[in-house]
Amino acid sequence: MFWRETFIVFRRQLRLALRNPAWVIIGLIQPILYLVLFGPLLEPIAGQLGAQNAYTLFVPGLLVQLGLFGALFAGFGLIAEWRAGVIEAERVTPASRTALLLGRILRDVLQLVVQGAVLIGLAFFFGLTGSIAGMFLGLLLTVLLGAACAAASNALALTTKSEDVMAPLINSVALPVLLLSGILLPMTIGPQWLQIVSDFIPTKYIVNAIRELFTGDFFTITVFWGVLWTLVLFAAGLWVGTRTFRKENA
Amino acid sequence: MIHARGLARTFAGRGKGAEKVEVKAVAGVDIDVDEGEIVGFLGPNGAGKTTTLRMLTTLLTPTAGTATVAGYDVVTESQKVRRSIGYVSQSGSTSPEARAGEEIVDHGMLYGISKAQATARGRELFEQLDLDGLWTREPKAMSGGQRRRLDIAMGLVHDPTLVFLDEPTTGLDPQARANLWTHISDLRSRRGATIFLTTHYLDEADALCDRILVIDHGTIVASDTPDALKRQVSGDLVELVLADASRSGEAATVLSRVADDDLTVSGATVSARVRGAGHEVAGLIRSLDAAGIALESLEVRRPTLDDVFLTLTGRSLREDA
Ligand SMILES: Nc1ncnc2c1ncn2[C@@H]1O[C@H](COP(=O)(O)OP(=O)(O)OP(=O)(O)O)[C@@H](O)[C@H]1O
Ligand SMILES: [Mg+2]
């Protein structure tokens with residue numbers, strides 16, 4: 001029953017997304033632009049940054065960026081749906097509230113998988129080498145992080161019900177998180193104070209973990225922390241999301 | 001089917017600036033609706049109709065009071081309530097970019113019915129509600145009235161036996177409105193459904209409902225059959241338009257002999273409430289004739305629910321949406 005309801009919601013969301021794929025494409029073009037226009041700049045200095053291959057450094061960062069940004073903006077679609085009365089119409093059915101959320105998150109997850117796979121695939125043409133298994137694991141961490149962000153974003157959307165409140169809120173969180181996660185350049189090249197500040201950003205550990213996974217180092221302390229933080233964020237995101245969806249929709 | 005006791009809802013609102021004011025949207029209502037009844041919920045804008053409906057359909061938690069719908073408590077057994085009802089909200093229920101048919105089928109499936117069943121029932125509703133040929137149309141490319149009928153189809157796709165309709169006919173042309181009335185009556189006569197609907201339209205409540213609850217400022221001010229409510233107003237309105245305005249004083253004296261209430265004179269027009277006007281009119285005309293007062297026209301109007309509302313609350317019921 002629960003999975004059937006989740007699937008109905010997921011299928012509907014996917015149908016709507018595919019019918020108007022502008023957002024999917026925009027979300028995909030952004031990391032590709034980074035890859036094409038910024039990647040070549042990194043190549044000559046990769047060695048100085050402690051990487052043998054510039055793209056094992058760079059692609060994990062772009063993956064996390066995809067997961068963070070793409071998913072954090074997922075809630076905007078929900079506000080539009082709420083305004084059209086769709087959310088209330090779904091909530092008056094006996095369907096599980098969690099299924100209403102999960103179906104939506106699964107669409108974001110699928111989108112993320114496709115975007116991430118395209119990004120990694122494309123990076124091979126630019127010279128990415130590394131552990132294939134590690135790349136799969138890296139993509140998995142990205143997807144879990146994305147699911148957490150999508151859930152949180154949907155929860156925020158349902159609480160604020162206003163793009164005008166949500167957009168500045170998300171931007172003011174996402175941008176510093178993105179910069180302090182060392183997405184473009186590893187934080188280790190920064191000054192001491194910047195490194196200390198970035199120590200408080202969970203996604204930094206995730207980016208670092210994915211970087212090691214890409215190079216084939218699976219059983220390191222960095223990977224351990226990254227996986228742990230991913231799981232913590234995943235659990236927290238889903239918890240906040242389901243809690244909000246279960247709550248009344250006043 | 002529906003039993004509510006002291007059902008109330010306050011919203012935390014904002015006054016000027018940061019000062020907090022409580023909006024008492026529904027201030028404790030008692031509602032009883034039996035199986036197979038069509039009950040109308042009548043009230044002006046902001047009276048609390050939608051808020052009451054949203055509480056009864058589990059979309060909003062009451063701040064006080066209790067309610068059972070189809071035998072289940074709306075707060076503690078909300079899931080079971082949802083399984084037993086259909087709801088057509090006042091605002092829309094579909095994505096502008098989706099296709100009408102897909103929205104209907106998905107909605108039905110969320111109620112647990114099969115895809116085939118939802119499709120069959122959806123198509124049937126499309127036909128009955130004059131939405132033929134719009135199955136693959138996007139709601140954003142539909143007219144307001146078509147979208148409204150799509151909303152109604154959404155609420156009925158799973159064949160609920162208890163239906164809540166929030167202003168179902170707003171935005172419909174007279175023909176579509178009459179068609180929907182027939183459809184709603186059919187739901188009861190064919191399927192034994194119970195129907196609770198809100199409306200601003202007095203004729204609608206009168207034509208469709210066995211019983212009417214009048215709500216104003218979050219309180220139910222009357223609950224009775226349309227006829228009994230109309231009887232509360234003291235009589236029919238008799239309006240005389242005289243050929244000669246200077247005789248209006250005399251005409252008023254004649255009319256006052258049969259009048260019960262509201263005797264008014266305005267120019268050549270003299271009017272009053274007359275109980276059982278049908279009986280009295282013949283004598284009235286004879287008396288006027290005998291006095292030599294010529295009539296331009298004479299009109300007898302049955303009291304409308306607007307008159308009832310005026311009597312009950314001292315305010316006129318605005319008829320616009
Ligand atoms: N979410 C809300 N927050 C604050 N106030 C609300 C909310 N919903 C409704 N109200 C207020 O509660 C009162 C009753 O609103 P309600 O929507 O129930 O009226 P209604 O009878 O359905 O009116 P209409 O005929 O315009 O649909 C109004 O004063 C409205 O402003
Ligand atoms: Mg309303």
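Let me begin with a word I will need: a residue is called buried when its relative accessible area is under 20%, exposed when that area is over 50%, and partly exposed in between, using a 1.4 Å probe and protein chains only. This is a predicted model, in which local features need pLDDT of at least 70 and side-chain atom pairs count only at pLDDT 80 or more, while totals for chains, interfaces and linings use all residues. Residues are numbered from 1 along each chain as its sequence is written, chains are lettered from A and ligands numbered from 1 in the order in which they are written, and side-chain values use heavy atoms, with hydrogens and water left out.

With that in hand, is Arg273(B) buried or exposed? Arg273(B) counts as buried, because its relative accessible area is 7%. This arginine belongs to strand β13, residues 269-274 of chain B, where helices (H or I, at least four residues) and strands (E, at least two) are DSSP runs numbered from the N terminus. Leaving aside residues up to four places away in sequence, Arg273(B) has several contacts, among them Val233(B), Asp260(B) and Asp307(B), a contact being heavy atoms within 4.5 Å.

Now let us turn to where the two chains meet. Chain A brings 26 residues to the contact and chain B brings 31. About 2,500 Å² is buried between them, with carbon and sulfur atoms giving 53%; buried area here is the accessible area (1.4 Å probe) that two parts lose on being put together, summed over both. On the side of chain A, the residues that lose the most area to chain B are Arg19(A), Val92(A) and Pro94(A), together 27% of what that side buries.

How many salt bridges are there between chain A and chain B? There are six, each being a side-chain nitrogen of Lys or Arg within 4 Å of a carboxyl oxygen of Asp or Glu. One of them joins Glu88(A) to Arg54(B), whose closest N and O atoms are 3.0 Å apart.
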